[in-house]
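Let's go through this one together, a question at a time. Have the sequence and the 3D view open as you read.

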Amino acid sequence: MLTQDELKRNVAMAAAEYALTCLQPESVLGVGTGSTVDFFIDAIAEHRHRFRAAVSSSERSTRRMRDLGIEVLDLNEVEEMPIYVDGADEIDHQLNMIKGGGGALTREKIVASVARRYICIVDESKVVERLGAFPLPVEVIPMARNVVSRRLRALGGQPVLREGFITDNGGEILDVAGLDIPAPAVLESHINDIPGVVGCGLFAISGADLALVSSQSGVRRMQRPGAGGADTIQS
Ligand SMILES: O=C[C@H](O)[C@H](O)[C@H](O)COP(=O)(O)O
């Protein structure tokens, strides 16, 4: 029986293998944040001479990559990247996601928006029929914490301030439980429009293009519906 860390490592190794097929020596790789991505960074580091550099979605990932000898560029220096690799807190079968358990959602969404393909790496426990069991992280400007909370309550959510946590952008996080999310892109757009919201942990307007999912029986692919079926790529 593989532990959750072993499942994370397996999917990270599969993602590193996949990433290397997309990268050229001049390519810049987009890198997400979290415990699954930490394994991905470790796996990609030994191949760092096969791509030019990375763009990071958090101070945490930046530190880890630099410690392992990967050059990290400022996004302002980069115009394109073939792929972005990141984890998720929940992903549904349409490859909509909830992200931000580590508070990095805003930079993640920005870096991902530059990449041609978004590769999500998760273990099986993150795959859900419908998003919303994981409280939705919403980054807010601190002075807007209460007004945004009231608006989120009006949407049916129960926002809780993530105590003692400040994002890399100086924002605060409201973790919103109890939201009903039948149409993730509609809710994402609605929350994005609330003044004071910096970013919303729903990734549905632009979801993942491909998910690699590890389980006890191997790593399988989930494609966006219409983009092809699932298959096992490693056992
Ligand atoms: O802010 C954090 C990110 O959105 C992570 O990708 C997400 O929380 C999943 O993290 P982990 O791989 O540690 O479960």
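Q: Is Asn192 buried, partly exposed or exposed?
A: This is a predicted model, where local features need pLDDT of at least 70, side-chain atom pairs count only at pLDDT 80 or more, and totals for chains, interfaces and linings use all residues. Residues are numbered from 1 along each chain as its sequence is written. Buried takes 20 or more other C-beta atoms within 10 Å of a residue's own, exposed 12 or fewer, and partly exposed is in between, with C-beta atoms placed from the backbone. Asn192 has 15 such neighbours inside 10 Å, so call it partly exposed.

Q: Which residues is Asn192 in contact with, leaving aside its neighbours within four places in sequence?
A: Contact means that two C-beta atoms, placed from the backbone, lie within 7 Å. With those sequence neighbours left aside, Asn192 touches Val197 and Cys200.

Q: Where does UniProt place the "active site" feature?
A: UniProt positions use the numbering here, feature names are shortened, and annotations may be inferred rather than shown by experiment. The entry is unreviewed, and it puts this feature at Glu108.

Q: Is Glu108 buried or exposed?
A: Glu108 sits in helix 4 (helices are DSSP runs of H or I, at least four residues, numbered from the N terminus). It has 32 C-beta neighbours inside 10 Å, so Glu108 is buried.

Q: Which elements give two or more residues to the shell around the ligand?
A: The ligand is surrounded by 17 residues, each with its C-beta atom, placed from the backbone, within 6 Å of it. Two or more of them come from each of helix 2 (35-45) and helix 4 (105-114).
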